[in-house]
Amino acid sequence: MTLSIGAKAPDFEAESTEGHISFHKWLGDSWGLFFSHPKDFTPVCTTELGAVARLKPEFDKRGVKLIGISVDPTDKHHLWAKDIEETQGVAPNYPLIADVDFKVAKLYGMLPESTSGDVNKRTPADNQTVRNIFVIGPDKTIKTVLIYPMSTGRNWQEVLRIIDSLQLTAKHGVSTPSDWKQGDDVFFSAAVPEEEAKKKFPKGWKSPKPYFRIVEQPK
């Protein structure tokens, strides 16, 4: 089973394309986006790593550190990076973990504990469950888990939207409706006492139903 929302993101040490990483120390007090790939030199993942590299300035603006993982050695990661740059116009500008002993994939529930053997002899289909996105908060807990099939490329604009919502709701104690985007109205809990709500939201709110309290997005 994969890790659930609210669980502590397991710490680990691993080699990566940017050297040895101690995960929690590397993350520090930042938000983190940890995303996995079943195998190097696969077409869908090639487009994904390029897309994340292009969007790095957007993640940087949100204070989100990026780190990928693939069940292949570092030397293959570096060769793959050349293909990514050639075909996608940009090389990965974030670390990519080399999980050659499957330790991290197992730790995060993406491969069964029984997984073993030579990583070079495994096919993408053998590792097809290694297709997760974990959004991790500064408190080192998992805020979101997304799992994609191998045949479907990930929507990174949706990941940015999720992070925007997570950061907004963590700071202001509100929640965001379906298809919310930056600048849209938000909800606050009906459990907040009215006098407290008036202080927090002096402009007032709309309440089409008793359990609906709709306010402008806090700045």
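Helix 2 and helix 4 lie roughly perpendicular to each other in this predicted model. Their axes cross at roughly 75°. That angle falls between 65 and 115 degrees, so the pair counts as roughly perpendicular. The axes come within 9 Å. Helix 2 covers residues 43-54, and helix 4 covers residues 74-88.

Which residues of helix 2 and helix 4 make the contact? Helix 2 supplies Cys-45, Thr-46, Thr-47, Leu-49, Gly-50 and Arg-54. Helix 4 answers with Trp-80, Ile-84, Thr-87 and Gln-88. By class, the contact of helix 2 with helix 4 has 4 nonpolar residues, 5 polar and 1 charged.

Now to the open space. Rolling a probe the size of a water molecule over the atoms shows where empty space is left. The largest pocket holds about 230 Å³. Its lining has 14 residues. Nearest the centre of this pocket lie Phe-201, Lys-203, Val-215, Glu-216 and Gln-217. The lining of the largest pocket divides into 6 nonpolar, 2 polar and 6 charged residues.

The second largest pocket has a volume of about 160 Å³. Among the residues that line it are Arg-62, Asp-164, Gln-167, Leu-168, Lys-171 and His-172. Gln-182, Gln-217, Pro-218 and Lys-219 also belong to this lining. In the second largest pocket, the classes are 2 nonpolar, 4 polar and 4 charged.

Gln-167 sits in helix 6, which spans residues 156-172. Gln-167 is in contact with Trp-31, Arg-62 and Val-64, leaving aside neighbours within four places in sequence.

Lys-206 is the last stop. It is found in the loop between helix 7 (194-200) and strand 10 (214-215). Not counting residues up to four places away in sequence, Lys-206 touches Asp-185, Phe-212, Arg-213 and Ile-214. With Asp-185 there is a polar contact between the two side chains, at 3.4 Å. How far is Lys-206 from Ser-116, 90 residues apart along the chain? The C-alpha atoms of Lys-206 and Ser-116 are separated by 57 Å.

Methods
Residues numbered from 1 in each chain as written. Predicted model: local features only at pLDDT ≥ 70, side-chain atom pairs only at ≥ 80, totals over all residues. Heavy atoms only, no water. 1 Å grid on protein atoms, 1.4 Å probe; cavity = no way out; pocket = protein on both sides within 12 Å on 5 of 7 lines; lining within 4 Å. Points joined across faces, edges and corners; volume = space filled by probe spheres on them. Nonpolar A, V, L, I, M, F, W, Y, C, P; charged D, E, K, R; others polar. Axes fitted to C-alpha atoms, helices over the stretch in contact; angles between N-to-C directions. Helix = DSSP H or I, 4+ residues; strand = E, 2+ residues; numbered from the N terminus. Parallel < 35°, antiparallel > 145°, perpendicular 65-115°, else oblique. Contact = heavy atoms within 4.5 Å. Polar contact = N/O pair within 3.5 Å; in protein donor to acceptor, adjacent residues only side chain to side chain.
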